[in-house]
Amino acid sequence: MDRDERFVRLALEEALIALEHDDIPVGAVLVRGDDVVSRAHNTRELTGEGAGHAEMNALRLGNERLGGWRLDGCELFVTLEPCPMCAGAVVSHRISRLVFGAWNPQAGAAGSLYNIAEDPRLPHRVEVRRGVLAAECAAPLGDLFGELRTH
């Protein structure tokens, strides 16, 4: 199995945990080398925290575990293309590489609506790989939103 796929699958496991507390199923895994630094999922509904996105949670845990705000040499694997807030946090934390699964046409900021991660005007640019296991990552989102539309 491709290395990127392996870590996106771990993020997908996290995404499914979010469904247990009625959060949108998005998961993120922060990696340095081949070591998982942190794993997280969306917790906005669980905690009432608007910034409780999977990426923000994984970055926060990574800061705690690695002892600082700079996450140089780390990669972030996410099931859904990050929103502007999360893409900005990826840049601010100096993540070296972002890999995501499903595209986010409503709020994506790594290629859909914006491209914050690779914006040459910012002091740090992130290498981005898009669409890894896209259909698998999109499935829980489609299931959830399809279910919400029928209620």
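Reply: Happy to! Salt bridges number 14 in this structure, each being a side-chain nitrogen of Lys or Arg within 4 Å of a carboxyl oxygen of Asp or Glu. A word on the basis: this is a predicted model, where local features need pLDDT of at least 70 and side-chain atom pairs count only at pLDDT 80 or more, while totals for chains, interfaces and linings use all residues. Residues are numbered from 1 along each chain as its sequence is written, and side-chain values use heavy atoms, with hydrogens and water left out.

Let's begin with Arg-3. Its salt bridge with Asp-34 has the closest N and O atoms 3.0 Å apart. That pair links distant parts of the chain, 31 residues apart: Arg-3 lies in helix α1, and Asp-34 in the loop between β1 (27–32) and β2 (35–41). (Helices, H or I with at least four residues, and strands, E with at least two, are DSSP runs numbered from the N terminus.) Arg-3 also forms a salt bridge with Glu-75, where the closest N and O atoms are 2.7 Å apart. Here helix α1 is joined to strand β3, across 72 residues. Arg-3 has a relative accessible area of 26%, so it is partly exposed, whereas Glu-75, at 9%, counts as buried. The cut-offs are under 20% relative accessible area for buried, over 50% for exposed and in between for partly exposed (1.4 Å probe, protein chains only).

Arg-6 meets Asp-34 as well, in a salt bridge of 3.9 Å, N to O. This again links helix α1 to the loop between β1 and β2, with the partners 28 residues apart. Arg-6 is partly exposed, at 37% relative accessibility. Through shared partners, salt bridges join Asp-2, Arg-3, Asp-4, Arg-6, Asp-34, Glu-75, Arg-97, Glu-127 and Arg-129 into one network.

Arg-6 leads us on to the rings. Its charged end sits over the ring of Phe-7, 4.5 Å from the ring centre; the test is NZ of Lys or CZ of Arg within 6 Å of the ring centre and within 35 degrees of the ring normal.

The whole structure has two aromatic pairs, counted when rings of Phe, Tyr and Trp (its six-membered ring) have centres within 6.5 Å, with planes under 30 degrees apart called stacked, over 60 edge-to-face and the rest tilted. Phe-7 and Phe-77 make a tilted pair, 5.1 Å centre to centre with 40° between the planes. They lie 70 residues apart, Phe-7 in helix α1 (residues 3–18) and Phe-77 in strand β3 (residues 74–80). Both Phe-7 and Phe-77 are buried.
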